[in-house]
Amino acid sequence: MSSYYDQHLHTHFSYDSKADFSDYLANSTGFLVTTEHFDVANPVTGHTDAPDYAKYSAEIDKLNQKYGNRVLKGIEIGYFAPQESEILAYLADKTYDLKLLSVHHNGEFDYLDDFVADMDFDAIFTRYLAELHDAIGRVEADVLAHFDYGIRLFDVSVSDLQRYESQLTAIFQKMIDYDLAFEINAKSTHLYNNLALYDYALKLVQSLGGTLFTLGSDGHKIEHYQLHFDELIDWLKAHGVRQLITFRGGSRHFVMI
Ligand SMILES: [Zn+2]
Ligand SMILES: [Zn+2]
C-alpha cells in the first residue's frame with residue numbers, strides 16, 4: 001500500500017479500548033495517529049470520558065524518541081450540543097495533528113446501545129441526522145467521522161437512505177463548506193456491512209464537489225488496524241478518487257492512491 005496511514009484508531013487512552021501503541025507500532029512502518037475518544041456526558045459510562053492529555057502526550061513523546069517521531073496526536077470529538085462549552089474548554093489548550101468530529105449519543109443513549117436496534121428507524125435516523133448537522137462547524141475539526149453511526153444497528157438499504165437525501169445533502173454540503181474531509185469508516189463498511197451505503201454517500205459527496213476523503217479503520221484493537229484497506233482503496237479508485245488526505249502538524253498532506 002502507499003504511504004497512506006489509518007486516520008481513525010484507538011488505544012487505552014479511549015474508554016472502550018485496551019490497545020497499546022506498541023501493538024500498532026509493531027505492525028506499521030510510517031506515521032501512526034490515534035484518535036482517542038472524547039465523549040462528554042457519555043451515557044455509556046455515566047460521565048465525561050476524556051483522554052488524559054498529559055499522559056497521552058508524555059507517552060507519545062517517549063515513543064517518538066524510540067520510533068523516530070512517527071507517532072502523531074489525535075482525538076475523536078463526540079459532539080453533544082448541551083455540553084458544547086465543556087468540549088471547547090477541554091480542547092482550548094491542547095494541540096492535535098488530527099481531529100475527528102463524531103456524534104455518538106444524544107444524552108439519553110449511545111446509538112450503539114443494544115436497545116436502539118428495537119427502536120423506530122425513522123425516529124432514530126431523523127434525530128441523529130439533525131444532531132450531526134448541528135455538530136458541523138461548532139468545534140474545529142478535520143474530518144466528519146462515520147456518517148452512518150446512528151443507524152449501524154439497523155439493516156439499512158440504499159433506498160432507506162434515499163428517503164433522507166435532502167438531509168444528507170445538507171449535511172455533506174455543510175461538511176464541504178467547513179472544509180471537513182469525509183471519512184470512509186472501515187468498521188462501518190466491513191463489520192457493519194454498510195459498504196453500499198458508503199457507495200451512495202460517496203457519490204453524493206462527489207456530486208456536491210467534495211474532494212477530501214480519509215480512510216479510517218476505527219480500530220480498537222490490532223486485528224482491525226487498516227482493516228480491508230487494500231480493498232477499500234480499490235473501491236475508492238473505482239469511484240474516481242485518486243488521493244486521500246492526511247493531517248500532520250497543522251498542515252494537510254495528500255497521498256496518491
Ligand atoms: Zn466514533
Ligand atoms: Zn472511533
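In this predicted model, the largest nonpolar core holds 62 residues, of which F172 and F182 touch the most other members. A nonpolar core is here a set of buried Ala, Val, Leu, Ile, Met, Phe, Trp, Tyr and Cys residues joined through side-chain atoms within 4.5 Å; buried means under 20% relative accessible area, exposed over 50% and partly exposed in between, for a 1.4 Å probe and protein chains only. Leaving aside residues up to four places away in sequence, F182 is in contact (heavy atoms within 4.5 Å) with L144, F147, F172, M175, Y198, A201, L202, V205, L212, F213 and T214. A second, separate core comprises 12 residues, including Y24, L25, L63 and V71.

Residues are numbered from 1 along each chain as its sequence is written, and chains are lettered from A and ligands numbered from 1 in the order in which they are written. Local features need pLDDT of at least 70 and side-chain atom pairs count only at pLDDT 80 or more, whereas totals for chains, interfaces and linings use all residues; side-chain values use heavy atoms, with hydrogens and water left out.

Helices (H or I, at least four residues) and strands (E, at least two) are DSSP runs numbered from the N terminus. Both E76 and H104 are buried.

An open sheet of 7 strands has mixed pairing and the order β3-β2-β5-β6-β7-β8-β9, two strands being paired if DSSP finds at least two bridges between them. Its edge strands, each pairing on one side only, are β3 (47–49) and β9 (213–216). Strands β5 and β6 run parallel and are joined by 5 bridges; K99 in β6 is the bridge partner of I75. Helix α8 (residues 195–207) packs on the sheet, where it touches β8 (181–185) and β9, and its direction makes about 165 degrees with that of β8. Axes are lines fitted to C-alpha atoms, for helices over the stretch in contact, and angles run from 0 to 180 degrees between N-to-C directions.

The structure holds 20 aromatic pairs. Rings of Phe, Tyr and Trp (its six-membered ring) pair if their centres lie within 6.5 Å, and planes under 30 degrees apart count as stacked, over 60 as edge-to-face and the rest as tilted. The pair of Y5 and F31 is tilted, because the ring planes stand at 50 degrees, with the centres 5.6 Å apart. Y5, in the segment before α1 (21–25), and F31, in the loop between α1 and β1 (32–33), are 26 residues apart. Y5 is buried, at a relative accessible area of 4%, while F31 is partly exposed at 29% relative accessibility. One aromatic cluster is formed by F109, Y111, F115 and Y128.

D179, in the loop between α6 (165–177) and β8, has a positive phi of about 65 degrees although it is not a glycine.
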